[in-house]
Amino acid sequence: MQVNPGLEGVVVAETAISHIDGQQGHLIYRGYDAKQLATTSTFEKVVHLLWKGHFPDGEEEKQWLVKCRQSQTLSDEMIRLIQTIPERIDMLSTLRSVLVTMENPDWPPTWEQAIRVLVQVPIIIAARYRYLHHKPIVPPRDDLSFAANYLYMLRGDEASEAHVKGLEAYLILTAEHGFNASTFTSRVVTSTESDILSAVVAAIGALKGRIHGGAPSEVDDMLGEIGSIERAESWMREKLERGEKLMGFGHRVYKTTDPRAEALRTVVQEYAANEPWFDFAVQVEQIALQLLKEYKPHRSIYTNVEFYTAAVLKAIQLPAELYTPTFVVSRTAGWIAHILEQASHNRIIRPDSRYVGPKCAKITK
Ligand SMILES: CC(C)(COP(=O)(O)OP(=O)(O)OC[C@H]1O[C@@H](n2cnc3c(N)ncnc32)[C@H](O)[C@@H]1OP(=O)(O)O)[C@@H](O)C(=O)NCCC(=O)NCCS
């Protein structure tokens, strides 16, 4: 029996949702290039594509948008809960607690449940954020797009078109990414015929970790600690000498630059080309890539999406505490696509392990 640590190289299912070409650096959603979708489509249409396999057209698109907008609610019960959970509890744990009080969904998951979960996530995050910052909670509007509404609920007024476009590109590029740790978690939970909320809540727990969805805040911290370009090389050398990782670099699947990182860098350039912090981030990236070649010559470690996630979210003026929660906002779409696909031809996920402990230990009194 061969053991593959981290399930590397193990194919556990067939999927028609997305394809990653790790050698060439391509990401495809149902046949469409994700980078192109980021500049030509809307988040709502991409969600429809991921869930149903095609873009909505004409009447279908109208109905889809109406369903999405009508499913947005911020009940008094949710507000009470958002205000009662102790402030020391982090945003994603709060989100999990509030989500599970929404309803008791049963198996199998339905489109209606799927839409409700998707649209409630940004509402809960924005409400909690405003509560923690002693600002009045802002209910969702049904005349704004998904991306515009998220910014509106966070800020209390309408965001500029440029910020909405920047966020929308980010949401599209990070909505789906194959069998990553959190998506796989959502499929495992679904495979036991547990409900959609349990699967999403479990996925949030997996995404929260610092080497998965927690990475963009770590990138921000890293850039903050480096402080100036003169310190960059010595700071990163010290990390690598200690055997630590540089955040925002490396990927299990990509052995070249993550295409999402490239696309996000282009997006940031539009907003922040003249900002000193952007120039600094680009220079740090170049030094990091050289050092990673020097310290890990056989590993093909390149920039991943999280490095430029931190930059794009900073460019549209989101505070660092919202980086990982905003990743949850987008990735919920991908999780749900997989939850629906898993449920449509389900078999419980139950891998094997190789036992290496003793086989005949004696019980002594
Ligand atoms: C993404 C990640 C978890 C992939 O992990 P993985 O495929 O399991 O790779 P491993 O952690 O086993 O690393 C393999 C080798 O590359 C090195 N490596 C991987 N990413 C590295 C990084 N960011 N900085 C320095 N070294 C790194 C490891 O030290 C290891 O070296 P070794 O063989 O000499 O011990 C990993 O690259 C990482 O932790 N990156 C930093 C966190 C991050 O940016 N996460 C967001 C991912 S989108």
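This is a predicted model: local features need pLDDT of at least 70, side-chain atom pairs count only at pLDDT 80 or more; totals for chains, interfaces and linings use all residues.
Residues are numbered from 1 along each chain as its sequence is written, and side-chain values use heavy atoms, with hydrogens and water left out.

**Entry 1: the ligand**

A polar side-chain atom of Arg-299 is 2.7 Å from an oxygen atom of the ligand. A polar backbone atom of Gly-248 is 2.8 Å from an oxygen atom of the ligand, and a backbone N or O atom of Phe-249 is 2.8 Å from a nitrogen atom of the ligand. By the Shrake-Rupley method with a 1.4 Å probe, the ligand taken alone exposes 860 Å², of which the protein buries 74%.

**Entry 2: the largest pocket**

I next asked which space the ligand takes, and it is the largest pocket; a molecule sits in a pocket if more than half of its atoms lie within 2 Å of its grid points. The search uses a 1 Å grid over the protein atoms alone: a cavity is a set of points where a 1.4 Å probe fits but cannot get out, a pocket is an open set with protein on both sides within 12 Å along at least five of seven lines, and lining residues have an atom within 4 Å of a point. A volume is the space filled by probe spheres set on the points, and for the largest pocket I noted about 1,900 Å³.

The lining of this pocket has 49 residues, and Asn-180, Ala-181, His-251, Arg-252 and Val-253 lie nearest its centre. Two or more lining residues come from each of strand E1 (18-21), helix H9 (181-191), helix H15 (305-315) and helix H16 (323-344), these elements being DSSP runs (helices H or I, at least four residues; strands E, at least two) numbered from the N terminus. E1 gives the largest share, three residues. By class, I listed 23 nonpolar, 15 polar and 11 charged residues in the lining.

**Entry 3: the cavities**

I found two cavities of 30 Å³ or more. The largest holds about 40 Å³, and its lining is Glu-44, Cys-68, Arg-69, Gln-72, Val-119, Ser-145 and Phe-146, which divide into three nonpolar, two polar and two charged residues.

The second largest cavity has about 30 Å³, and its lining includes Pro-122, Ile-123, Asn-149, Tyr-150 and Met-153. Helix H6 (111-132) and helix H7 (146-155) each supply at least two of its lining residues, with the largest share, four residues, coming from H7. I counted six nonpolar, two polar and no charged residues here.

**Entry 4: backbone**

Most residues other than glycine have a negative phi, and most peptide bonds are trans. I noted a cis peptide bond between Trp-107 and Pro-108, with omega about -10°; Pro-108 is in the loop between helix H5 (91-99) and H6. Leu-7, in the segment before E1, has a positive phi near 55°.

How values were computed. A polar contact is a pair of N or O atoms within 3.5 Å; within protein, one must be able to donate a hydrogen and the other to accept it, and residues adjacent in sequence count only if both atoms are side-chain atoms. Ala, Val, Leu, Ile, Met, Phe, Trp, Tyr, Cys and Pro count as nonpolar, Asp, Glu, Lys and Arg as charged, and the others, Gly among them, as polar.
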